[in-house]
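Subject: Structure handover

Hi,

Here is the structure for you to look over. My notes follow below it.

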Amino acid sequence: MRQLSHKNISAAILFLLAGITLGSINLSASSLSSPLNLFLVNVTQNSVQVNWESIANATRYELSLGTDSKASNRGRRFLSRTSTTLTKLLPNTCYRIKIRAVVGGQAGNWSPLKEFHTQIPVMTDLAADNIRDTTVHLFWSDRYSDLPDTYYEVSYGTHLDSSSVGMRSTDKNFMTLNNLIPETTYYVKLRARNPRVSGPWSSPISFTALPYKPGIAPQGLTSSDGGPTGILIRWQKVGSASSYDLSHGTDPLAENMGIIPTEEKTLTFKLSPNSRYFFKVRSITKGMPGPWSDIQSLLTLPAKPRGLNVSAQTADQAVISWQSLPGSRISRFYHINWGTDSQGTSLGLTVTANASYTLSRLKPNQRYYVRIRTVNRSGSSPWCKVLSFSTLPAGLSGVKISKLKQNWAEVKWAILPTAQAYEISYGSDIEARTHRLDEFSRPPVQIQDLIPDVTYYLKVRPLMQNRQPGAWSNIINFTTFSIPPKLETISLAKIGGTYVHLTWTPAEEINTYEVLLSAAETLDQNRPQVCNHPDINLMSLKKNSNYSVKVRAVNLGGPGSWSLPLSFTTRPEIAPSHLKLSNVSPHEAMLTWEGISGTAHTTYQIRVGPAKKSWRVISNYAAQTLNLSRLQPETNYRVQVRAQNNTGLGPWSSGVTFQTPPALPDRAPQNLAVKNITDISASLHWQALKKVEGYHLNIGTNTDASNLGQKILNLTSYDLKSLIPNTTYFVKVRAYNVTGEGPWSDILLVTSRPTPPLTAPTKIKISEVTMNFITLTWKASTEAISYEVSMGTDAQGTNWGLPQASNSPPYIFSNCKPATRYSVKVRSINRGGAGPWSRIIKVTTPKQ
């Protein structure tokens, strides 16, 4: 060390104040440059190796790490080397790092931020369920969906490397693979990734697609007009089908006449005329039947009438009749065409439901031609062979009842050209004298207020000029129709979603009934349906809806009284949709769904349960929102809903799966302790808890440990820095996971040490030197409560062992060797620690 002269003492003091100490040449922090070539190697899930170039004159380096933009929220550390390994990092996390050089208590500029991303762990819980012939559902734990830019990749194929088919990505924790090949084994692997890094692939899992099952019903089922007894059924081809089954019958389910297999998409039937049939078809693929198509109904054409003949001809009318045709259970009627031409068409067309008809207003002594055909809702039969007949010569003849009901009758006769009016006499007596009506200018005439089911007698005479009566016609008799009885026993044989089969006890001598169906409270505003037998299938109803129905008997005289209305509800053959889960907690979840349409009072049945375990069923639930309770944390659940009304249950909805989060941490972190306390720092640590994501650390100078903020950590230790010397701090910690926070630990008190001495001892000198002793003196300091002295033969005065304690100056170094050059120094000690060393004094012991 260079000796100072008296004239240089002032300059030396100025150098010391400027941060330059002669003899150990210290540089100021402003002369330090930023560390260069900061690079990272060996990045893993939770560690990274950091390297940088050394800075001349730097005594140590300060490293700052964080996930924030300033790289500061994960703490700092001081290093003496230019390389370090950071551990206990979070997987799949973006970190930033910066470094600066430090000399003494001063630091240089920070290096530019260096960013890196820790690796993503391997996914280990990939699973498959709901395996079908062409689809499979994959699912796994949802670790990263809440992290920005992180998603999952699924690779699958028919080889063990799981890549021969393709790769798909998703930000969910589930995926459905489509377009699989039936009866084929697939291998699937999974990894998580983001734009920066990719996680490793999981071990592949395997599954085998089920055998193929047709999933499409044939479309476009139609029938063509093939005549009264023949019908052609067509449908659209199903691409994968090898054959088809066609089921048909007279029942609404199209089943009571059996199933006909065919390899074609058409089929011709020989059926009964004027009859209703029902058909459905399904495809057969690889020997397995698919679903049935929608049921189609058809009505065969009626047969051509036979046995046409004419009777009771008069001068102006004639009665034609024919054989009643089969198929009377289906509504059908007849077209009558007649005229004076040979084709029987010149006088028009008449419609009747009976197997006889009276042609009126004919001309006397005239030849007529007539033909008939049968008609139903599907169409008409061919015309029968034309029949010809001639009317009788003119005269007051042809008195007849043209229309007859329960309480009135219409009478007609041949008009007499010389008559001015007509008179009618009728009654229940055989002479037809009870009632007399006159002054009718021409027929027909309606006779009102008749009594049902009574035989009447009737005669007509003309009133000539001057109201002179002519001769009475022959007496005819007729019986009014009875009122059909009221139907008492009505029952529902079968109720479906869109149809109902209604039956009742037939009334005696009644062949026609009217059925009135309505979804409204008032039935009489609707048009009744007519049937010819005591049962009917009411089709095209709305599912899950309320209806009322009533029936009355009808004869040729008119209808009877309506039965009492019978109410029913169609089945809820539709499933609820749009199932959604919200507010999922460890023990509860809110389930909502979209209810089904219809006017019926509808409740719902819900079933919920862990995957592949028994269901818990909730029935007769009226709302469309349900709080699912009694759930277990960290458990996969499935849930389905179906509708229910007073007729029965509907189908289950598609299933929805969800996973409950873990329960809140149930206890506070244990063994919170402090170590390495200095005047400005201390180290905290505590015992780790299982199944937590991190910890909240509260620090404060108040007793609630709250006024200095909160730290969010994923480690079980934390370094307190920038403390105020000789100050008491309060600390508490609690654990948290995705569900929330656990309880606080007991509050720990941490008291920082006082500030160590800031200056080195002064006025250091050697007061005495012998061959074996060296006496060192210095000026006592008010900052010190004791001192440490150090001696050695090296330039730093340290190689003679650890520093020795001294309560006050002077201090005698013993056991010295003769003729040896020593370096000695001293520093102050207080409760805050050691201050800086004094300048080094070199001294040589004398020879022996």
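What does the accessible surface of the protein chain come to, and how much of it belongs to carbon and sulfur atoms? It comes to about 44600 Å², with 49% belonging to carbon and sulfur. Keep in mind that this is a predicted model.

Overall form first. The C-alpha trace of the protein chain spans about 190 × 55 × 45 Å along its principal axes. Its radius of gyration is 55 Å, whereas a compact globule of 848 residues would have one near 29 Å. The protein chain has 68 strands and one helix. Of its 848 residues, 42% are buried. Take the contacts between residues at least 6 apart in sequence: 61% of them join residues at least 24 apart.

Charges next. The protein chain carries 87 positive and 53 negative charges. Their mean positions lie 10 Å apart.

Now the backbone. Most peptide bonds are trans, and most residues other than glycine have a negative phi. These spots deserve a look:

- Pro443 to Pro444: the peptide bond is cis, omega near 0 degrees. Pro444 sits in the loop between strand S35 (435-440) and strand S36 (445-447).
- Pro809 to Pro810: another cis peptide bond, omega about 0 degrees. Pro810 is in the loop between strand S64 (804-806) and strand S65 (811-813).
- Glu509: phi is positive, near 60 degrees. The loop between strand S40 (500-504) and strand S41 (512-518) holds Glu509. Glu509 counts as exposed because its relative accessibility, 73%, is over 50%.
- Lys763: phi is positive, near 55 degrees. Lys763 lies in the loop between strand S60 (748-751) and strand S61 (765-769). Lys763 is exposed at 63% relative accessible area.

Best wishes

Key. Residues numbered from 1 in each chain as written. Predicted model: local features only at pLDDT ≥ 70, side-chain atom pairs only at ≥ 80, totals over all residues. Heavy atoms only, no water. Helix = DSSP H or I, 4+ residues; strand = E, 2+ residues; numbered from the N terminus. Rg over C-alpha atoms; globule rule 2.2 N^0.38 Å. Buried < 20%, exposed > 50% of the residue type's maximum accessible area, 1.4 Å probe, protein only. Contact = heavy atoms within 4.5 Å. Areas by Shrake-Rupley, 256 points an atom, 1.4 Å probe, with all protein chains shown as cover. Lys, Arg positive; Asp, Glu negative; His and termini not counted. Charge placed at Lys NZ, Arg CZ, Asp CG, Glu CD.
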